[in-house]
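Colleague: Can you talk me through this one? I have some questions once it is on screen.

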Amino acid sequence: MIHLDHSMIINEGATRRCYRHPDDPGKCLKIEKRPGAANANELQAYRAVQNLLGDYLAQCDPELAVTNEGEALVCELVRDENGTISLSFGDFLRMGKKDATLRRQFLEFFDLIVRHKLCFYDFNPKNFVIQRTEDGLRLKYTDLKSFHKTKTAFALEKIPFSPPSN
Ligand SMILES: Nc1ncnc2c1ncn2[C@@H]1O[C@H](COP(=O)(O)OP(=O)(O)OP(=O)(O)O)[C@@H](O)[C@H]1O
Ligand SMILES: [Mg+2]
């Protein structure tokens, strides 16, 4: 069993607390605040989309882990090149910075979502982290639990408007 305490919490959302892994600086553990299906849903979604969204995802271990705080989803902890834990896109936005590479990655990410008709309901800015690497910023989508495997994102070609003429 993995032993966690609250000093290891690195961040949290409405549903889960995110702990650093006590034995692996490259991993984090996500624990539900109230036991439910969030981690199981995210793992199922990860398996369904990992080959489609590839580098835009933080990798996840194939099985949930047992900890003293409950079952955990084990994920790659996204860190910048200097070792700092990467900022969420929400925090990045508050710094008022603009970045053309990041914009291109967002466009490609959403293009993949539409092209593969993937249905995610939650693209809030805290569900993305922005990794600083020596090659520039890299976008990672780190919360997949809103994925709906039987629904599909609406197909853009179904929108009943004429395409632009030029
Ligand atoms: N793999 C990761 N690497 C680095 N930071 C992460 C990672 N996953 C999550 N975080 C940080 O932890 C925060 C909370 O994570 P996450 O979105 O998974 O929690 P949640 O409670 O499920 O979210 P929600 O509020 O959308 O239900 C994120 O905003 C992000 O800053
Ligand atoms: Mg979240």
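Modeller: In helix 1, the buried residues are Ala38, Asn39, Glu42, Leu43, Ala45, Tyr46, Val49 and Leu53. Buried means that 20 or more other C-beta atoms, placed from the backbone, lie within 10 Å of the residue's own; exposed means 12 or fewer, and partly exposed is in between. Helices (H or I, at least four residues) and strands (E, at least two) are DSSP runs, numbered from the N terminus.

Colleague: Where does this model come from, and how is it numbered?

Modeller: This is a predicted model: local features need pLDDT of at least 70, side-chain atom pairs count only at pLDDT 80 or more, and totals for chains, interfaces and linings use all residues. Residues are numbered from 1 along each chain as its sequence is written, while chains are lettered from A and ligands numbered from 1 in the order in which they are written.

Colleague: Back to helix 1. What covers its buried residues?

Modeller: The cover includes strand 2 (16-21), strand 3 (24-32), strand 5 (70-76), helix 3 (100-115) and strand 8 (136-141).

Colleague: And Asn39, what is that in contact with?

Modeller: Leaving aside neighbours within four places in sequence, Asn39 is in contact with Lys30, Glu32, Leu64, Glu71 and Leu73. Contact means C-beta atoms, placed from the backbone, within 7 Å. Asn39 has 24 other C-beta atoms within 10 Å, so it counts as buried.

Colleague: Where does helix 1 bend?

Modeller: At arginine 47, by about 40°. The bend is the angle between axes fitted to the seven residues ending there and the seven starting there.

Colleague: What follows helix 1?

Modeller: Glycine 54, with a positive phi near 30°.

Colleague: Different topic. Which residues are closest to ligand 1?

Modeller: Asn11, Gly13, Ala14, Thr15 and Ser88, out of 24 that surround ligand 1; a residue counts if its C-beta atom, placed from the backbone, lies within 6 Å. Strand 1 (9-12), strand 2, strand 3 and strand 5 each give two or more residues to that shell.

Colleague: Last one: how do strand 7 and strand 8 pair?

Modeller: Strand 7 (residues 128-133) pairs with strand 8 in the antiparallel sense over 6 bridges; pairing takes at least two bridges found by DSSP. Valine 129 has lysine 140 in strand 8 as its bridge partner, and a hairpin of 2 residues joins the two strands.

How values were computed
Contact = placed C-beta atoms within 7 Å.
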